[in-house]
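Reader: I am new to this structure and would be grateful for a close look at a single part of it. Would you please take the aromatic residues and describe how they are placed?

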Amino acid sequence: MRRQLVKKVGVLFCGVLLNASSAVATVTFDWAVIGNAGNAADTEIMNDGTSGYGSVGYEYSIATTEVTNAQYIEFLTAVAKTDTYGLYNSGMGGTYGGITQSGTSGSYSYSLKNNDENWANRPVVCVSWYDALRFINWLHNGQLSVDRRGTNATTTEYGVYDMSLGTSVVRLAGADYWLPSEDEWYKAAYYDPVAGVYYDYATSSNDVPVSGVDANYPNGGFVDPVYYTTEVGEYDNESPYGTYDQNGNVWEWNEALISGVYRGMRGGAWNSGASLLPASLRSYADSTAEDPGIGFRIASSYTELAIPEPASVGLVLLSVGGLVLRRRRKA
């Protein structure tokens, strides 16, 4: 089931909620609630010889789709007028990305490449593992803006992750949002809670997804030779929990620390072949890697449906079925 967490009532466009009276943007997501706490781990042997992934002892939610260009633009606009932490990479405005930066340091602005709305709902790429953590801190801290003087600068540097810890950074207790652990990501992608089994692919199937039909990955050529990524959720073959594009489109970062220096990523991408799609394939990259095939999705502690907030004067809700989720803390 696709559920939407909305903290404010307004106009929803490409995952960005706009307050009609103040034009303040609020990034929102559709959520898949991942229940069945304490499920058994998968016995599948990974390409690196490890096994036992997918068991999670608590309920949580995961975004049904990857973070998009439109959502990341709102983040950059709020915190990267100077871009102290290098949250924008020039590759985002290159052949494979959809975001451009203009202006000078202190007054940078960000927009869709060529003002082309076709980029809005495609996953952001060229984000490092650290970029993803700072985006999540920003969400957790209420999406505060950073002005030219650096006011509210800590909105990216502390919250869910203490960025001062560098390579030793870990998720802190009490998180509202976070980067999925490898087990959380794996369960959302491959576990069928009804049958109690794991599938080989994140399309609720043991059959290889069909390129351009079930997932965005090349099979003799790119699915989309113009934009390369496809719009998030374009394919209907979702995971058993209702997530999209956990196979193909972009590799997705997770929290796993591999070999003491690398960070985990899973799922394959628009520029990687079918052999990299299965559940048995663990991959990783340097945490500073900013690659046109790498993006991310987020997880949350909000799991319980609550009553929708009433619309106030001057605000219009265009998101059908926009619901508020009540946070449920992990035990």
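**Aromatic residues and their surroundings**

At 43% relative accessibility, Tyr 284 counts as partly exposed. The model in which this value was computed is a predicted one. Tyr 284 forms a tilted aromatic pair with Tyr 262, with 4.9 Å from centre to centre and 35 degrees between the planes. This pair links distant parts of the chain, for Tyr 262 belongs to strand S13 (residues 262-266) and Tyr 284 to strand S14, 22 residues apart. Tyr 262 is likewise partly exposed, with a relative accessibility of 31%.

The two strands that carry this pair belong to an open sheet of 4 strands, whose order is S14-S13-S12-S15 and whose pairing is mixed. Strand S14 (283-286) and strand S15 (294-295) are the edge strands, each of which pairs on one side only. Strand S15 runs parallel to strand S12 (residues 251-258), and 2 bridges join them. Across from Gly 295 in S15 stands Glu 252.

The model has 24 aromatic pairs in its count. One of them joins Phe 135 and Trp 138 in a tilted arrangement, at 5.7 Å centre to centre and with 55 degrees between the planes. Because Phe 135 and Trp 138 are 3 residues apart in helix H2 (residues 129-140), about one helical turn separates them. In an α-helix there are 3.6 residues a turn, so residues three or four places apart point the same way. Phe 135 and Trp 138 are both buried.

Ring pairs also link Tyr 53, Trp 185, Tyr 186, Tyr 190, Tyr 191 and Tyr 198 into a cluster. Tyr 53 has a charged neighbour as well: Arg 266 lies over the face of its ring, at 5.6 Å from the ring centre. A further case involves Arg 122, whose charged end sits over the ring of Tyr 227, 4.2 Å from the centre of that ring.

Notes. Residues are numbered from 1 along each chain as its sequence is written. This is a predicted model: local features need pLDDT of at least 70, side-chain atom pairs count only at pLDDT 80 or more; totals for chains, interfaces and linings use all residues. Side-chain values use heavy atoms; hydrogens and water are left out. Two strands pair if DSSP finds at least two bridges between them. Rings of Phe, Tyr and Trp (its six-membered ring) pair if their centres lie within 6.5 Å; planes under 30 degrees apart count as stacked, over 60 as edge-to-face and the rest as tilted. Buried means under 20% relative accessible area, exposed over 50%, partly exposed in between (1.4 Å probe, protein chains only). A charge sits over a ring if NZ of Lys or CZ of Arg is within 6 Å of the ring centre and within 35 degrees of the ring normal.
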